[in-house]
Each structure stands twice: as C-alpha cells, then as structure tokens.
Amino acid sequence: MGYSLDLMFVPSFLNGQLSFGIAKDGNILFGVEKGDEGTLALDYSASKLGLVGGKIRFDLKAPVVKPYAAITFGAGRLKLGEVKTASAGNLSLGLDDTFEYDPVTTFAVKPELGVAFGWFTLGVGWMLPADYEVTQWDGSKEKINAGTTQFNIGVAFKFGD
C-alpha cells in the first residue's frame, strides 16, 4: 500500500509540457516468513519505504489523453519493522519478540510513466532498488536492497492561470 503526493510548477512559456516540483512517496511493505519445517513459528514484518525529492515531468501534446514520463531523484528512507511469533499451539499465536530498526536513508530514483485525462491521472512508477545499510539488533551491519512498483490513480488540481 502506498501514496504519492506531488507539488509541481508548470511554466507557461514551456506550453504546459514540462513541469518541475517536489514529490513525496510512502509505502508500507508486508511480509511473512514460515519457520523451520515441523514447527508453527512465523515471522511477520511490516516495513516502511519512502522517497522525498525533486521531480521533472514531461507531458506529450495530445488533444484528450496526454501520455507523460517523469523522474524523481531524492532521499529514499527505509524503516524495517519486525514482529516474531513463537508458536501456534491451540490456534493461538504467542509473541516472543517485537522490535523496530532505526530508519536508514540513501539516494533513490523513481521513473514513472502514465496518462492524464484532464484532471485524472493513471500511472506506474518504479522506485528502483537501492542498498540500505541496516544495523541489526545485535549491532552487526547488513545491506538490504529495497524498491517498489507503484500503480497510481490520482487527481490533479490546478492553482492559478
């Protein structure tokens, strides 16, 4: 699950085809890993992955449906969260350990393609996988490679002329 929020400036002398602005994306990533065979142990995880940066968007000239391409460069932020469950005896799960990692930041890039129908937009963006160096609970360092694919349905509001 995720969201994307863009604040764009469209210079009139560029005929509305090129716009510049800032973008903020946020995603919650869920996962479950089954324990060793013969046990009922499960590891659940809910992590956050976001991007804040500068965005450039190019819209093709078209009468009704306008294809566009965009790219965002900025700070990617990953916060891993983990909940471990120990057993599932008698259909109830017992928690034995819960912890969250400190958030880590690295350079991130997100290309995007889509179409605009007046105020309505439909697009797909790829936050390219980047390496995040995470400090484990025991103090060791581990590189985590994370990225997302986002399918966006949205609306565009225009302020001014």
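The lining of the largest pocket comprises 18 nonpolar, 13 polar and nine charged residues when sorted by class. The structure is a predicted model, and the values below are computed from it. The protein has nine strands and zero helices, and buried residues account for 30% of its 161 residues.

**Overall fold**

- Along the sequence, the secondary structure reads β-β-β-β-β-β-β-β-β, in keeping with a count of nine strands and zero helices.

**The largest pocket**

- The volume of the largest pocket is about 1,300 Å³, and among the 40 residues that line this pocket, those closest to its centre are Met-8, Val-10, Arg-57, Ala-156 and Phe-157.
- Two or more lining residues come from each of the strands β1, β3, β4 (65-79), β7, β8 (120-135) and β9 (141-155).
- Strand β1 makes the greatest contribution to the lining of the largest pocket, giving eight residues.
- Arg-57, which is one of the residues closest to the pocket centre, also takes part in a salt bridge with Asp-59, as described in the next group.

**Salt bridges**

- Side chains of opposite charge can pair when their charged atoms come close. In this model, the count of salt bridges comes to four.
- Asp-6 and Lys-55 form a salt bridge in which the closest N and O atoms are 2.6 Å apart. Because Asp-6 belongs to strand β1 (residues 2-9) and Lys-55 to strand β3 (residues 42-59), this pair ties together parts of the chain that are 49 residues apart in sequence.
- Lys-110 forms a salt bridge with Asp-25, the closest N and O atoms being 2.8 Å apart. This pair links distant parts of the chain, since Lys-110 is in strand β7 and Asp-25 is in strand β2 (residues 18-34), 85 residues apart.
- Both members of the pair, Lys-110 and Asp-25, are buried.
- Arg-57 and Asp-59 meet through their side chains in a salt bridge with an N to O distance of 2.9 Å. Arg-57 counts as buried because its relative accessibility is 17%, and Asp-59 is buried as well, with a relative accessible area of 9%.

**Nonpolar surface patch**

- Val-64, Val-65, Phe-117, Leu-122 and Ile-153 form a nonpolar patch on the surface, and together these residues have about 460 Å² of accessible area.
- Phe-117, one of the members of this patch, lies in strand β7 (residues 104-117), and with a relative accessibility of 35% Phe-117 counts as partly exposed.

**Residue pairs separated in sequence**

- Ser-4 is in strand β1 and is partly exposed, with a relative accessible area of 31%. Between the C-alpha atoms of Ser-4 and Val-52 the distance is 9.9 Å, although these residues are 48 residues apart in sequence.
- Leu-7 is likewise placed in strand β1, but Leu-7 counts as exposed, because its relative accessibility is 58% and the class begins at over 50%. The C-alpha atoms of Leu-7 and Gly-54 are separated by 9.7 Å, and the two residues are 47 residues apart along the chain.
- Ala-46 is found in strand β3 and counts as partly exposed at 40% relative accessibility. The C-alpha atoms of Ala-46 and Phe-30 are separated by 4.6 Å, while the residues themselves are 16 residues apart along the chain.

Terms used
Residues numbered from 1 in each chain as written. Predicted model: local features only at pLDDT ≥ 70, side-chain atom pairs only at ≥ 80, totals over all residues. Heavy atoms only, no water. Patch = residues over 30% accessible without salt bridge, like charges linked within 9 Å, V, L, I, M, F, W, Y side chains within 5 Å. Areas by Shrake-Rupley, 256 points an atom, 1.4 Å probe, with all protein chains shown as cover. Helix = DSSP H or I, 4+ residues; strand = E, 2+ residues; numbered from the N terminus. Buried < 20%, exposed > 50% of the residue type's maximum accessible area, 1.4 Å probe, protein only. 1 Å grid on protein atoms, 1.4 Å probe; cavity = no way out; pocket = protein on both sides within 12 Å on 5 of 7 lines; lining within 4 Å. Points joined across faces, edges and corners; volume = space filled by probe spheres on them. Nonpolar A, V, L, I, M, F, W, Y, C, P; charged D, E, K, R; others polar.
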